[in-house]
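Here is a short report on one structure. Please look over the sequence and the model before reading on.

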There are 2 protein chains.
Amino acid sequence: MSSPVLPSHGRVRPLGLAQVRLNGGFWYERQVVNASATLAHCESWMERLGWLANFDRVADGTTGPDRPGWPFSDSEVYKLLEALAWEAARTGDPDAEAAIKRLTARVARAQDPDGYLNTCFGHGDQPPRYSDLEGGHELYNTGHLLQAAVARLRTHGEDDLVRLARRAADHVCRVFGADGLAAICGHPEIEVGLAEFGRALGEDRYVEQARLFLDRRGHGTLRDIPLGRAYFQDDLPIREAGVWRGHAVRALYLTAAAVDVAVERRDDELLHAVERQWERSVARRTYITGGMGSRHQDEGFGEDWELPPDRAYCETCAGVASVMVSWRLLLATGQARYADLIERTLYNVIAASPSPDGRAFFYANPLHQRTPGRPADPEEVSPRAEGGTRAAWFDVSCCPTNVARTLASLHGYLATSDDDGLQLHQYAPCSISAELPDGRRAAVEVETGYPRTGTVRVRITAGSTASWTLALRVPAWATGATLTDEGGTREVAPGVAEVRRAFRAGEVVTLDLPVEPRFTWPDPRIDAVRGCVAVERGPEVLCAESRDLPGPAALDALVIDTRAGLKAGDDAALARALLPARPGGAWPYLTHQAAPRSDAGWIDLPLRPYHSWAQRGPAGMRVWLPVSTPHPEGE
Amino acid sequence: MSSPVLPSHGRVRPLGLAQVRLNGGFWYERQVVNASATLAHCESWMERLGWLANFDRVADGTTGPDRPGWPFSDSEVYKLLEALAWEAARTGDPDAEAAIKRLTARVARAQDPDGYLNTCFGHGDQPPRYSDLEGGHELYNTGHLLQAAVARLRTHGEDDLVRLARRAADHVCRVFGADGLAAICGHPEIEVGLAEFGRALGEDRYVEQARLFLDRRGHGTLRDIPLGRAYFQDDLPIREAGVWRGHAVRALYLTAAAVDVAVERRDDELLHAVERQWERSVARRTYITGGMGSRHQDEGFGEDWELPPDRAYCETCAGVASVMVSWRLLLATGQARYADLIERTLYNVIAASPSPDGRAFFYANPLHQRTPGRPADPEEVSPRAEGGTRAAWFDVSCCPTNVARTLASLHGYLATSDDDGLQLHQYAPCSISAELPDGRRAAVEVETGYPRTGTVRVRITAGSTASWTLALRVPAWATGATLTDEGGTREVAPGVAEVRRAFRAGEVVTLDLPVEPRFTWPDPRIDAVRGCVAVERGPEVLCAESRDLPGPAALDALVIDTRAGLKAGDDAALARALLPARPGGAWPYLTHQAAPRSDAGWIDLPLRPYHSWAQRGPAGMRVWLPVSTPHPEGE
C-alpha cells in the first residue's frame with residue numbers, strides 16, 4: 001500500500017494514497033502548484049548549482065574538495081526524488097516519472113561498488129568516508145535516499161532507485177552494525193529512513209539498525225562542539241529525555257524514528273518517553289503557529305517559555321518534521337491532539353512557506369517582522385534563512401524539497417481507518433474509500449469550504465448493511481461545534497465525534513465548526529508576548545501587515561481593544577486598534593508608564609491569514625498584538 | 001600625559017592618570033582585585049593554552065597551521081600588555097613592570113624584519129599574510145598592539161614595546177597606505193589604535209592611515225558573508241549610517257576611531273554622523289543596563305526595539321567599547337549624556353563581568369536567566385559565551401583582558417578639565433588635581449559611599465584667589481538632587497550643576513543624589529518586556545534571583561504590585577510580589593486571559609544589584625519583572 005508511514009500495528013492505520021483523493025480547496029491547490037512548478041523549480045536549481053553534477057563527477061572520477069554545495073546537498077536530490085515518486089503516483093504524470101528515471105540514473109552512477117553513495121566524501125582528494133560524523137551528514141543523506149526509495153517501492157515497486165538504496169542500506173548495516181563502528185550521524189535521519197525501508201521491504205534488520213543508532217545516541221558518542229552535544233541530541237538518551245532540545249529538525253527526525261522503533265519493537269517505555277517529550281515541548285516550547293525552534297543561533301529549541309515572535313526561527317523543515325512525529329503518534333495512539341497539532345502546523349508553517357507560484361519559499365517563519373524585507377530576486381540564491389521575503393533558493397536549501405515531498409503526499413495525512421471504521425483528521429474536499437474487516441467498505445466524499453467556512457459535509461458514497469463508525473475530529477479550539485445527521489443536530493465537544501451505524505449511500509453527516517475569528521491569550525510565562533493577544537480563525541493564525549497601515553512604525557505602536565471584539569471584513573477579520581503617536585525619546589526606559597496621546601485615532605485593523613503574509617510584497621507583520629486594556633492580575 | 005585617549009582638542013580635556021587617584025569604594029576594590037588576581041590569571045591562561053608560545057614558535061621557525069588559538073589570540077597578549085602598562089603606572093608594581101618586559105621580549109622575537117607581526121599568518125605552512133581580511137583579524141591584532149604601546153609610551157616612555165609597535169604600524173602604512181592595498185580588516189580596531197598611536201607620537205600619518213581605513217569601509221570592500229556585510233559595517237559608509245548595526249564590538253570600535261578622526265580632522269560632518277548614530281542606538285537598541293548587542297547569532301545589534309532580556313547578548317567587550325565611544329564623545333562635546341551612559345555601562349555591564357576574586361568572567365550579560373547555569377570549573381575553558389555562570393577562561397577570550405585594561409585605567413574616566421575648571425563625571429572616593437590656565441590649580445578630594453548612598457562630598461584641597469568652576473554631573477535619573485555649598489542648598493536638575501568662585505582650601509561642595517530604589521518602565525515598543533517593570537537604585541540596575549525564591553519556576557510566575565512601592569531591605573530593595581501557582585496546561589495559548597489562583601501569597605521579593613548576580617552560585621535571574629496591574633492604555 002502506498003503511504004509514507006506504514007507501521008506493522010497501531011491504534012489506527014494510514015490509508016493508502018490511492019484511497020484518498022483531494023478534489024479541490026486549500027490543499028489541492030497547493031498540490032497542483034507543487035506538481036506544476038515546484039518540482040521542476042527544485043531540479044533546475046540543483047542542476048544550475050552543480051548539486052546534480054556532483055553525482056556525475058563522482059562517477060567520472062573528476063570530483064574533489066572543490067565540489068559545490070554543502071555536504072548535505074545530495075539529500076535535496078533524494079527529497080526531490082521522494083516528492084516525484086508521490087507525485088507520479090498521485091496523477092500518473094509522465095514528466096514526474098521521467099524525472100525519477102533521469103535522476104535515478106545519475107545517482108546510480110555515483111554509487112561505489114560496496115554500496116557507499118556520497119558525493120562529498122571518499123572520492124578524489126575528498127576527506128575519507130565517515131571522517132566527520134558530527135558535521136558530514138553522510139548517513140543523513142542516506143536516510144533521505146531510503147525515504148525516496150520507500151516512496152518508489154510503495155507507489156511503483158522495485159526499480160533502480162530501490163535497488164541502489166538497498167545496496168546503500170546494506171553498506172550502512174555492514175559498517176555501523178552491532179559488530180561495526182559504534183557511531184552515529186550528527187544529523188538524525190538515517191534512523192527514520194532505515195525503519196521505514198525495513199517496513200517497506202519486510203526486512204527487520206533495517207529496523208534493528210535504526211534501533212541500534214537510536215540507542216547509541218545520547219551517551220556522548222559524538223565529539224563535543226561549541227554549541228554542546230544537546231545540539232544533536234547526544235547529551236541524553238532519548239528514553240531519559242523529558243523535552244525536545246537542541247536543533248529542532250534533528251530532534252524531530254530522531255523522535256519520528258523513535259516512534260517507529262517503539263511501535264515495531266512494542267517498546268512502550270520508549271513510546272511513552274516520546275509522548276512525554278511531545279507533551280512538554282508542545283506545552284512550553286511551541287509557537288501558536290505550531291512552529292518549533294526559537295533560536296537562530298543553533299536552529300534550536302530554546303528553553304521553556306522562550307518563544308520570541310521576532311526572532312522565532314520556526315524552520316519550515318521543523319514543521320515538516322513535527323508533522324512526521326505527530327502523524328506517527330496519531331497512528332500509534334489514535335489521539336486527536338496529534339491531529340490538532342498537525343493541522344495547526346500544516347496551515348501556519350508548511351502552507352506559509354511556498355509562494356503562490358511555488359517558486360519561492362520561506363525558510364524561517366517568524367511571528368513578527370519589524371522591517372519589511374527586500375524584494376527577492378528570483379535568480380538569486382539567498383545566503384540567509386531570514387529576511388522577510390520568500391526566496392527562490394537557499395545556500396542551505398533543505399526547505400523547498402521538504403515542502404515538495406510533504407505536499408505531494410499530503411492526502412495521505414487526512415484520514416485513517418481501524419477495524420471498526422474511518423477516522424477523518426483533516427478537512428478538505430476529498431473522496432475516501434477504505435476496506436474494513438468483514439467485507440465492509442467505508443467510502444465517503446467530503447464537501448467543505450474549510451477553513452474559510454466551518455461546515456464539513458461528509459456524504460456516504462457506499463451503502464452498507466453492516467455498521468461501521470465514522471469518527472470526525474473536533475479541533476481543540478472548536479468549542480460549540482455541532483454534528484448533524486439523520487438523528488438530528490447535537491453539540492460535540494473537542495476531541496472525536498463518532499457516528500456508528502449501517503450507513504446508506506447518499507446519507508450525509510455534517511460537522512459544523514465555529515470558524516469565527518477569536519482572540520487567543522498566551523500563558524503569562526511566555527515573556528516575549530506578555531500583554532498581547534493573537535487572533536485565530538479556525539485552524540489559521542491571523543496577522544497584521546504594515547501594508548494595511550500607514551507604515552511599519554505603526555506596527556510598533558498599535559494597541560488593540562479586545563473588548564470591542566472582532567468584526568468580519570474583506571480580510572479574515574477586523575480588530576479595533578489605536579495607532580498612538582509614540583514620539584521618540586532619548587532613552588527608552590521611563591520613570592512612568594507611557595500613555596499614548598489622547599488624540600490617537602481608532603481604526604479597523606485588517607487581519608489576514610499568517611500563511612499568506614508578504615504575498616503582496618515585503619511588509620512588516622505581527623501575529624501578537626499588544627492590548628490596550630490588559631486584565632489586571634492578582635487583584 | 002598618561003591617559004588612554006588624548007585628543008588634540010575638544011570641549012573638555014582628560015586628566016592624566018597621575019592626576020586622579022581612587023581612594024576606596026566600588027571601583028577601587030575592583031582595581032585592587034584586577035591588579036592582584038586578574039592580570040596574572042590572564043597571563044597564566046595564555047601560557048597554558050599556548051597563545052604566548054605562539055610567538056616563540058614564530059621566532060623559532062616551528063609554527064604552522066596547527067597553531068593553537070583563534071587568529072585573534074595575539075590581541076589578548078596585547079590587551080594584557082596594555083592593562084599591565086596602566087597598572088604599573090598606577091601603583092609602580094614591580095611585578096607588572098616585570099611582566100611587561102617578559103611579554104614584550106617574547107612578542108618582539110616574533111616580529112618579521114619588515115615589521116609584520118602575527119602568529120597565525122605568513123609563517124611556515126600558514127596561510128599568506130592578509131589572505132583572509134574578512135576573518136583573519138591581522139590588523140585587529142595590530143590595533144591592540146598599538147593601544148598597548150600607547151599605554152606604555154604615555155606611562156613610561158619609549159621602550160621595546162613602543163619600538164616594535166612603531167615598526168608594525170609603519171608596515172601597515174606601507175602595505176595599506178594611499179598607494180597600497182585598498183583594503184580593510186573585517187574587525188575594526190586598527191583604526192582606533194593608529195589614531196591614538198599617531199596622537200601619542202605626534203605623527204599625523206598614523207591618524208591619516210586611520211582615516212583612510214575609515215573612509216574605505218562601507219563600500220562593499222570586504223567579501224560578502226552569509227551574515228551580510230552589515231556584520232562588519234561594510235554595508236554603508238559611516239558618514240551615511242543612521243544607527244549602529246551588525247556585530248556590536250566591531251561597530252563600536254569603528255565608531256570610537258571615527259570620533260578620533262573627526263576630532264583630529266575637525267570633521268564636524270563625521271562627528272555629527274556619530275552623534276546621530278549614538279542617539280538612535282541609545283534610544284532604540286540599548287538595554288537598561290547599557291548593554292549593547294541583542295543577538296547571539298552575530299553578536300550583533302538587532303533591529304530597533306529588539307531587546308529580548310533572555311537572549312540579550314550584551315557582550316562585556318561591547319560594554320568596554322561603548323565606554324570608549326562615549327568617553328570620546330564626552331571629550332569632544334562635554335555633554336553629560338555621554339557620562340550618563342558610561343556610568344550605566346560601568347556599573348551594569350563591566351562590573352558584572354568579573355567575579356569577586358577576579359578569576360572568572362561573564363562574556364554575555366543577559367537580563368534574564370531562566371535556568372540556573374552549571375557551577376563553573378575553574379580549570380575549564382568555556383567553549384560558550386553563555387551559561388549563567390562566570391567562567392575562568394573562554395575559547396574566545398576577549399572579555400577578561402578587556403575588563404583588565406579598563407579597570408586598570410578606570411580612574412582616567414572620572415573627571416576632565418577645561419580652561420575654566422574641573423568636571424566630575426563619575427563619583428567615587430578619590431583625589432583629583434588639575435592645573436588650569438593662568439596658574440590656577442583645581443584640587444579636590446571626593447568622599448562618598450556612592451552608589452550605596454547618594455551623598456557626594458567634594459572637598460577643595462587647594463585654595464585659590466582666582467575663580468574656577470567646579471562642575472558636577474547630575475545623572476539623568478537624579479530628579480530632586482540637591483547641591484549644598486557655602487551659599488546654602490539648592491535643587492539641581494539632571495545635567496550639570498556648577499559652582500564657580502575662588503574656592504578656599506577645606507571648603508566643601510556636597511551633591512545629594514536620590515538613590516532610593518525606583519521603578520522604571522520600558523517604552524511600549526520594546527515588545528519583549530511589555531507589561532514589566534525594572535527596579536533601579538542610583539546607577540545600578542537591580543534584579544531578582546531564584547535563590548531568594550522557592551525555585552527557578554517562581555521567577556517564571558511572579559508578578560509585582562507596583563502600587564505597593566519599594567521598601568528598603570537587607571538587599572538593595574524589596575518589592576511586593578505575588579507567586580501565583582501556574583498549573584501546566586497542555587497548550588499555552590488560551591481562550592481567556594490567565595488569572596492566578598486567588599490563594600497565591602504575597603511576598604517581599606528581594607532585589608539585588610544586577611552586577612552581583614550569580615555570585616552566590618548558579619541562579620535564575622530576571623531584571624524585568626511582570627507587573628500585576630498594568631495601567632490601561634488608550635482608554
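## A buried glycine in chain B

B:Gly290 is buried, because its relative accessible area is 0% and the cut-off for buried is under 20%. The model is a predicted one. B:Gly290 sits in the loop that runs between α10 and β4 (300-301) of chain B.

What does B:Gly290 touch, not counting residues up to four places away in sequence? The list is B:Leu341, B:Arg344, B:Thr345 and B:Val349. B:Ala318 is 28 residues from B:Gly290 along the chain. The C-alpha atoms of these two residues are separated by 9.7 Å.

## A partly exposed glycine in chain B

B:Gly334 also belongs to a loop, the one between α11 (316-333) and α12 of chain B. Is B:Gly334 buried or partly exposed? B:Gly334 is partly exposed, with a relative accessible area of 26%.

B:Gly334 and B:Val12 are 322 residues apart along the chain. Their C-alpha atoms are separated by 5.8 Å. B:Val12 is one of the residues that B:Gly334 touches.

## Helices α9 and α10 of chain B

Two packed helices are described by the angle between their axes and the distance between the axes. Take helix α9 (residues 248-264) of chain B and its partner α10(B). Their axes come within 8 Å. They cross at roughly 150°. The two helices are therefore roughly antiparallel to each other, as angles over 145 degrees count as such. The crossing in which α9(B) passes α10(B) is left-handed.

Which residues of α9(B) and α10(B) meet? From α9(B) come B:Thr255, B:Ala258, B:Val259, B:Val261 and B:Ala262. From α10(B) come B:Leu270, B:Leu271 and B:Val274. Sorted by class, this contact has seven nonpolar residues, one polar residue and no charged residues.

## Helices α2 and α4 of chain B

Next come helix α2 (residues 53-60) and helix α4 (residues 94-109), both of chain B. They pack at an angle of about 40°. Their axes are 7 Å apart. That angle makes α2(B) oblique to α4(B). The crossing is left-handed.

On the α2(B) side, the contact involves B:Ala53, B:Phe55, B:Asp56, B:Ala59 and B:Asp60. On the α4(B) side, it involves B:Arg106, B:Val107 and B:Arg109. How many residues of each class does the contact have? It has four nonpolar, no polar and four charged residues.

Side chains of opposite charge can pair when their charged atoms come close. Over all chains, a search of the whole structure finds 142 salt bridges.

One of them joins A:Arg211 to A:Asp215. Their closest N and O atoms are 2.7 Å apart. Both residues lie in helix α8 (residues 204-216) of chain A, four residues apart, so about one helical turn separates them. A:Arg211 counts as partly exposed, at 23% relative accessibility. A:Asp215 is partly exposed too, with a relative accessible area of 30%. Both residues belong to a network of salt bridges. It also links A:Asp204, A:Glu208, A:Arg239, A:Arg265, A:Asp267 and A:Glu269.

Another salt bridge pairs A:Arg370 with A:Asp310, at 2.8 Å from N to O. This pair links distant parts of the chain, 60 residues apart. A:Arg370 is in the loop between β5 (368-369) and β6 (381-382) of chain A. A:Asp310 is in the loop between β4 (300-301) and α11 (316-333) of chain A. Are these residues buried or exposed? A:Arg370 is buried, with a relative accessible area of 7%. A:Asp310 is buried as well, at 18%.

## A salt bridge between helices of chain B

In chain B, the side chains of B:Glu279 and B:Arg337 meet in a salt bridge, 3.0 Å from N to O. B:Glu279 lies in helix α10 (residues 268-284) and B:Arg337 in helix α12 (residues 336-350), so the pair ties together parts 58 residues apart in sequence.

B:Glu279 is partly exposed, with a relative accessible area of 35%. B:Arg337 counts as partly exposed at 26% relative accessibility.

Note on methods: Residues are numbered from 1 along each chain as its sequence is written. Chains are lettered from A and ligands numbered from 1 in the order in which they are written. This is a predicted model: local features need pLDDT of at least 70, side-chain atom pairs count only at pLDDT 80 or more; totals for chains, interfaces and linings use all residues. Side-chain values use heavy atoms; hydrogens and water are left out. A salt bridge is a side-chain nitrogen of Lys or Arg within 4 Å of a carboxyl oxygen of Asp or Glu. Buried means under 20% relative accessible area, exposed over 50%, partly exposed in between (1.4 Å probe, protein chains only). Axes are lines fitted to C-alpha atoms, for helices over the stretch in contact, and angles run from 0 to 180 degrees between N-to-C directions. Angles under 35 degrees count as roughly parallel, over 145 as roughly antiparallel, 65 to 115 as roughly perpendicular and the rest as oblique. A crossing is left-handed if the near helix is turned anticlockwise from the far one by less than a right angle, and right-handed if clockwise. Contact means heavy atoms within 4.5 Å. Ala, Val, Leu, Ile, Met, Phe, Trp, Tyr, Cys and Pro count as nonpolar, Asp, Glu, Lys and Arg as charged, and the others, Gly among them, as polar.
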